[in-house]
Amino acid sequence: MTNRRLAFVGLGADTTSACLSMLKIMDGRSSIEWTQSDPEDADVLFVAHDGDNGRQQWESKQKPCVVVYPSSEDRPAARYTLPHPFRVMQLLGVLEDISCTLGDTQTVTAAATPTAVQPHSSFGQSLKELLQTPAGEETLYRSESPLGQLYVAPSAGCYYIEPALHQQLRSKELPLSALHEVHEPLGEQLARRPIFELAWFTAQHAADALAPWLAPAGQFKLKRWPNFGSIKNDRLYLSLCAMLTRGTWGRQQLMERTHCNAGQLDRFLSACSMSNLLINDSTAPTLASEAPQVQNAGRFGSMIRGLRNRLGLGS
Amino acid sequence: MKSESPLGKTATLLVQQELEKFGETKGVTSAVLLTSDGFEVAALKMDKESASKLAAMGSSLAAIGSAIAKEASLKECSRLIVESEEGVVAVMEVPNVTPPMSLAVVANDASILGQLLWAAKNCCLGLEKKLKELITA
Amino acid sequence: MDTVASNEFKIIFTGPMGAGKTTAITAISDKAAVSTDVVNTDQAQCEKELTTAALDYGQIALPDNSCVRLYGTPGQDRFRFMWPILMKNAAGVIVLLNGDHPELEQHLEHFVEAFGEGRDVPMVIGVGRLPENDHSRLERLAMQLEQRGVALPLFDTDVRKQDDVLLLVDALLCLIEANDTGRMEA
């Protein structure tokens with residue numbers, strides 16, 4: 001286990017504490033142990049975007065600096081940056097990049113279990129990363145499988161696929177390679193489908209139901225409803241979307257309210273996360289099962305049940 | 001939004017004359033001739049904005065009146081009256097015209113209901129005659 | 001907020017002229033819906049024979065003698081005075097849009113804003129006449145909503161298909177439930 005030190009310069013207490021608690025979560029998943037130190041002794045510095053003086057002072061000392069900037073602003077011109085608020089995976093990503101330059105190797109214990117997903121190699125992870133970083137209007141990414149290939153256009157929120165391969169994708173797991181940028185024209189036979197659908201099929205067949213970058217004990221919220229495409233006719237997912245767009249919930253609460261099992265919930269959360277719809281706050285406390293169970297007990301409870309029965313919408 | 005009247009210039013002028021004649025009735029404060037889908041055709045003593053609004057509301061009322069009449073197995077709703085202490089609003093159908101139209105009239109408390117409705121009915125018949133003559137001419 | 005009778009459950013269908021509000025209500029109403037259709041003289045805006053001048057009304061009777069009321073609003077702005085009248089005590093709103101219309105984006109803005117962005121009264125959006133196998137238009141509308149800071153369900157909907165209309169109703173019921181239970185805990 002390698003020990004590395006990091007320090008914070010000019011950052012707010014909330015940012016610092018979020019960062020430290022995320023590092024705790026990562027503890028054990030990384031072969032490097034990160035501890036906080038004085039800026040003088042640190043291997044890596046986290047500096048505030050607006051604190052220009054501090055930034056220049058430390059940059060001149062040849063230490064890697066991660067510039068933390070508000071996500072509402074443009075990415076600053078620096079080698080390592082982190083938009084605030086950030087997620088565990090983003091922090092892990094930047095530390096990983098830095099540790100490579102520091103000469104560390106094997107940052108993530110990829111071989112811990114046979115099913116562990118290796119960052120940058122799994123299709124789902126590459127899809128998630130692509131959708132989180134805004135790409136150019138025309139940028140196109142390709143993934144291959146023995147049965148054919150598909151293209152993802154992140155900025156358009158869609159993917160392109162041959163109808164035959166689409167059928168396969170719906171019914172079984174395809175060994176899809178990680179997405180990589182290509183510059184080639186799209187074939188005429190390709191159907192244009194919403195990106196959520198691709199994330200959905202991928203999550204259905206993934207070995208681990210919950211994507212490895214999501215914090216299971218964290219709180220979840222949806223940025224917007226997914227474009228379901230061909231998978232829209234399931235009450236459970238409508239309910240989950242309704243709850244997650246109107247509030248922030250822990251996994252336990254979601255399972256209690258919607259009466260779903262962990263696998264169903266986790267696959268749904270993974271698909272939402274892959275398509276960049278999910279906000280996963282790993283630092284917020286989970287209020288699991290403190291709230292009383294009041295499923296359907298509101299003003300309209302019996303009315304809604306009656307209407308569903310009457311319309312043949314099941315219970 | 002449409003701005004031009006569904007009638008030609010000549011027709012609009014004739015319609016206007018008919019409305020002005022009706023305007024002499026005691027207590028009448030304003031009136032608008034409207035298409036059944038809520039556009040004003042001609043207005044009396046009203047600015048453009050109020051006329052548009054009364055036309056839209058008048059057509060909604062007329063449509064609700066027809067729906068209720070149908071529900072009650074009545075053949076049609078020829079007239080709807082809104083009464084208050086301070087006055088009256090009445091919406092009535094102009095028979096046999098294309099596109100279908102109604103007349104909405106507003107009167108104050110100086111009006112006498114029977115007289116007002118009588119005059120309004122005559123106005124509608126006058127409008128029917130004028131508009132028919134135009135088509136056959 | 002107004003007090004609501006315990007057996008009052010009202011769903012509003014709204015959207016621009018020609019989006020299929022009357023058709024959608026007819027698709028799920030028990031009996032023939034009551035409509036206030038009149039001859040449409042505004043062929044420039046929409047080429048159809050009839051248009052709604054006041055409201056559409058349908059109902060679904062429930063076994064406990066209560067009933068769900070379905071109201072359709074007129075779409076044109078000149079009938080806007082009808083909207084708050086019909087919205088009074090509504091449990092939810094379904095906005096229907098014509099995906100084929102050149103002013104689709106403006107229609108989305110207009111109706112989402114006019115009916116409260118789903119904040120107090122839950123809202124679901126159904127978009128019809130979208131090109132098959134191309135979800136880009138729906139995606140664009142979703143992004144438009146996200147920029148507005150509202151998260152509302154958006155479906156491609158053929159109002160002539162009962163299942164499509166039922167999906168909108170089901171999603172709306174999920175939102176009403178989420179709202180309802182959330183409110184009880186607050």
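Residues are numbered from 1 along each chain as its sequence is written, and chains are lettered from A, with ligands numbered from 1, in the order in which they are written. Because the model is predicted, local features need pLDDT of at least 70 and side-chain atom pairs count only at pLDDT 80 or more, whereas totals for chains, interfaces and linings use all residues.

**View 1. Chain B has three helices and five strands.**
Helices (H or I, at least four residues) and strands (E, at least two) are DSSP runs, numbered from the N terminus. Along the sequence of chain B, these elements follow the pattern α-β-β-α-β-β-β-α. Chain B has a radius of gyration of 14 Å, close to the 14 Å that the globule rule gives for 137 residues, so it is as compact as a globular protein of that length. This radius is taken over C-alpha atoms, and the globule rule is 2.2 Å times the number of residues to the power 0.38. The C-alpha atoms of chain B fill a box of roughly 40 × 35 × 30 Å along the principal axes. Of the 137 residues in chain B, 44% are buried. A residue is buried if 20 or more other C-beta atoms lie within 10 Å of its own, exposed if 12 or fewer, and partly exposed in between, with C-beta atoms placed from the backbone. Two residues are in contact if their C-beta atoms, placed from the backbone, lie within 7 Å. Among contacts in chain B between residues at least 6 apart in sequence, 53% join residues at least 24 apart.

**View 2. Chain C comprises five helices and seven strands.**
The order of elements along chain C is β-α-β-β-β-α-β-α-β-α-β-α. A compact globule of 186 residues would have a radius of gyration near 16 Å, and chain C agrees with this at 16 Å. Its C-alpha atoms fill a box of roughly 45 × 35 × 30 Å, taken along the principal axes. Buried residues account for 52% of the 186 residues in chain C. Of the contacts in chain C with a separation of 6 or more, 67% involve residues 24 or more positions apart.

**View 3. Chain C meets chain A through 41 residues of chain C and 40 residues of chain A.**
Helix H4 (136-148), strand E7 (154-156) and helix H5 (162-185) of chain C each supply at least two residues of the side that touches chain A. H5(C) gives the most to this side, with 18 residues. By class, the side of chain C that touches chain A holds 25 nonpolar, seven polar and nine charged residues. Ala, Val, Leu, Ile, Met, Phe, Trp, Tyr, Cys and Pro count as nonpolar, Asp, Glu, Lys and Arg as charged, and the others, Gly among them, as polar.

**View 4. Chain B meets chain C through 18 residues of chain B and 15 residues of chain C.**
Helix H2 (residues 48-71) of chain B gives the most to the side of chain B that touches chain C, with nine residues. That side of chain B has nine nonpolar, six polar and three charged residues.

**View 5. Helix H4 (residues 123-132) and helix H6 (residues 195-205) of chain A pack at an angle of about 150°, with their axes 10 Å apart.**
Axes are lines fitted to C-alpha atoms, for helices over the stretch in contact, and angles run from 0 to 180 degrees between N-to-C directions. H4(A) and H6(A) are therefore roughly antiparallel to each other. Angles under 35 degrees count as roughly parallel, over 145 as roughly antiparallel, 65 to 115 as roughly perpendicular and the rest as oblique. A:Phe123, A:Gly124, A:Leu127 and A:Leu131 in H4(A) meet A:Ile195, A:Leu198, A:Ala199 and A:Thr202 in H6(A). The residues of this contact divide into six nonpolar, two polar and no charged. Nine of the ten residues of H4(A) are buried, so H4(A) is largely enclosed by the rest of the structure. The buried residues of H4(A) pack against strand E6 (140-145), strand E7 (148-153), H6 and helix H9 (262-274) of chain A.

**View 6. The axes of helix H7 (residues 235-246) and helix H8 (residues 251-258) of chain A come within 11 Å and cross at roughly 130°.**
H7(A) and H8(A) are therefore oblique to each other. A:Leu236, A:Ser239, A:Leu240 and A:Met243 in H7(A) meet A:Leu254, A:Arg257 and A:Thr258 in H8(A). This contact of H7(A) with H8(A) includes four nonpolar, two polar and one charged residue.
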